[in-house]
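The following paragraphs lead a new reader through the structure shown here.

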Amino acid sequence: MRRRDLISGSAFLVLAILLFFQAKKLTLWGELGPAEGFFPMGLSLVFAGLSVLILIQALLKPVEAGERVGIIDLNRKKFFAYVGLFFGFGILFPIVGYTLILAAFLVIILRWVEKQSWKITILVTILLIGGSNLLFVGILKISMPEGLLSSAFSLWP
Amino acid sequence: MLDNLLLGFQISLSFANLFYCLVGVTLGTVVGVMPGLGPAATIALLLPLTFNMNVTAAVIMLAGIYYGVAYGGTITSVLVNIPGEACSDVTCIDGYQMARKGRAGAALGIAAFGSFFGSTFGIIGISLLAPPLASLALTFGAAEYASLMIAGMTLVTYLSSKSVLKSLTMAVLGMVLGCIGLDPIHGTERFTFGTLVLLDGINIAPLAMGLFGIAEVLQIAEGFVKQDGLVQKSVKIRNLLPNRQDWKDSIGPIGRAIPLGFFLGILPGGGAVMSSFLSYALEKRISKHPERFGTGTIEGVAGPETANNSGTAGAFIPLLTLGLPFNVITALLLAAFMVHGVSPGPLILRKHPDIFWGVVTSMYIGNFLLLLLNIPLIGLFINILRIPYSILSPLVAVVCFVGAFSVNNNATDVVVMVFFGVVGYLMRKFEYDAAPLLLAYVLGPMLERSLRQALIISDGSVAFFFQRPISAALLAVAFISLATPLWKWVANQYKSG
């Protein structure tokens, strides 16, 4: 944990310095008393102080033999596939539309990332698309982006 | 009081509220059974979906998840020695040993009855204590509120985590996140870095879903949370009703656990987890046969299971009477109230007695439903463990996506949620607790407002906080909870040379 504390402490210190300079641009004290910069400035200073304490504590810790260096220790490929797909979902969601993006997302995750059979992939995808449309759109009345599917239907004579 | 309770039952027994209560407690039990997905993640997932609901129904459902989890966690603790939730950790010790001796039914039965008694007396405690506490809270000024929030946050970081330093850092980071957007008094942009996306601040739903839901899915994806062996273990449940001797042995622990759990639940950072551990420690200490603890004694199940449920009820007191959440779940419940334009606090009893008493009485009904659900449906709940994580993870992710999107009908919130999911994952890896961050995110803006108001009233004098007795006492609590770990650390460094 020593190495990880050093990394996180340093990252927090950089963030605290960045926040300090942002807070410095704001008014700290007005005619009536504390202004909009008072609390953020205080927070950035406390944050910097705590980051320094994390660094000191990490430096005083003895070096552990065999301490893991990496952050993602186990299945990196799967982890990055999930992160990529999640960001992809968020970005493409309004363009492609809910139903199509959900189908693509589930097929990729279940079939290629989780290595499920085609039978399970198709079954879960159909159930989840149907169930989520019924629950979110039908019952909870959430208006989902229709995207490409809506454009395709608008071209239908 | 009786009139208020009758009003509450009238509201909570309406068909819609009863239905949402049932949905909440069932979901809570399911979540409690599944190791991994916790109540915070589930409430965060469902929070945006309650935006279209009536406030009472929304809070009834979300509260049902909170207390339902404690029941569900017991099932896996006793049957497969895996606590579904942290509050059921201690139940594994004697509950699983009882199951190995063929007494799983008695363990689950006494846990269900103990939980029911714990919650019932907890709710009676809320009904009795909330009105006088709300009246007391009306005498609080800005200085008292600011000091109370400081004391609450420092106590939470002191009591609920292995590293106080890391928890404090997370609390400060949470308050920084709470500052993003427009200043609540002057409307000036803060920490937006010139981007329009951050102008409205960060919404609690994508933040909470990212930190708890997406982070959990990523940890499962990485293979950090294992499901191996869960489904292979055979489960035999017979005689769910405890016998006369079981009742005789359990009545004392249940009686002691009720007040212990309830008062610990009121404290910041207390709640269900600490209540269950302290109840177990207490029972072991006062027992004539402490050597039996750990070998399958029913006292080791009855006490902690009662305490964690009365602790859950106790945690509602600061939320409902002061408007201040002192754990992450009540912080999310506060968000649910505020989204609907209702501010819990001392005035809720006067302005919205229907909501207050409706929610309180629904807990009583919810606990009765849990008792009915738990005993006959244990076999069904245990089958939830058979759903592979490879199917469960995408399902949780989809609910997160829809939940984040539905906040503002904006896909940017989905990206923000995924970003905080990665942050939450890294926090787990670096052993930083997300709970103080979310709690401080909710309390931060309130603290800033009270702090600035108090300083304006006092012409900028900090001494004002120490001249008022309640405020001074609360700041002393904050100081002690910060100084104690620092003192211990310095002493350890000195000892080790």
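Two residues are in contact if their C-beta atoms, placed from the backbone, lie within 7 Å. By this criterion, the contact takes 52 residues from chain A and 50 residues from chain B. On the side of chain A that touches chain B, at least two residues each come from helices H1 (2-24), H2 (38-60), H3 (76-96), H4 (98-113) and H5. Helices are DSSP runs (H or I, at least four residues), numbered from the N terminus. The residues of this side of chain A comprise 38 nonpolar, nine polar and five charged; Ala, Val, Leu, Ile, Met, Phe, Trp, Tyr, Cys and Pro count as nonpolar, Asp, Glu, Lys and Arg as charged, and the others, Gly among them, as polar.

The model is predicted: local features need pLDDT of at least 70 and side-chain atom pairs count only at pLDDT 80 or more, while totals for chains, interfaces and linings use all residues. Residues are numbered from 1 along each chain as its sequence is written, and chains are lettered from A and ligands numbered from 1 in the order in which they are written.

Helix H5 (residues 118-139) of chain A packs against helix H17 (residues 389-408) of chain B at an angle of about 30 degrees, and their axes are 12 Å apart. Axes are lines fitted to C-alpha atoms over the stretch in contact, and angles run from 0 to 180 degrees between N-to-C directions. H5(A) and H17(B) are therefore roughly parallel to each other, a term for angles under 35 degrees. Val124(A), Leu128(A), Ser132(A) and Phe136(A) of H5(A) meet Ile391(B), Leu395(B), Val398(B) and Val402(B) of H17(B). This contact of H5(A) with H17(B) has seven nonpolar, one polar and no charged residues.

Conventions
Angles under 35 degrees count as roughly parallel, over 145 as roughly antiparallel, 65 to 115 as roughly perpendicular and the rest as oblique.
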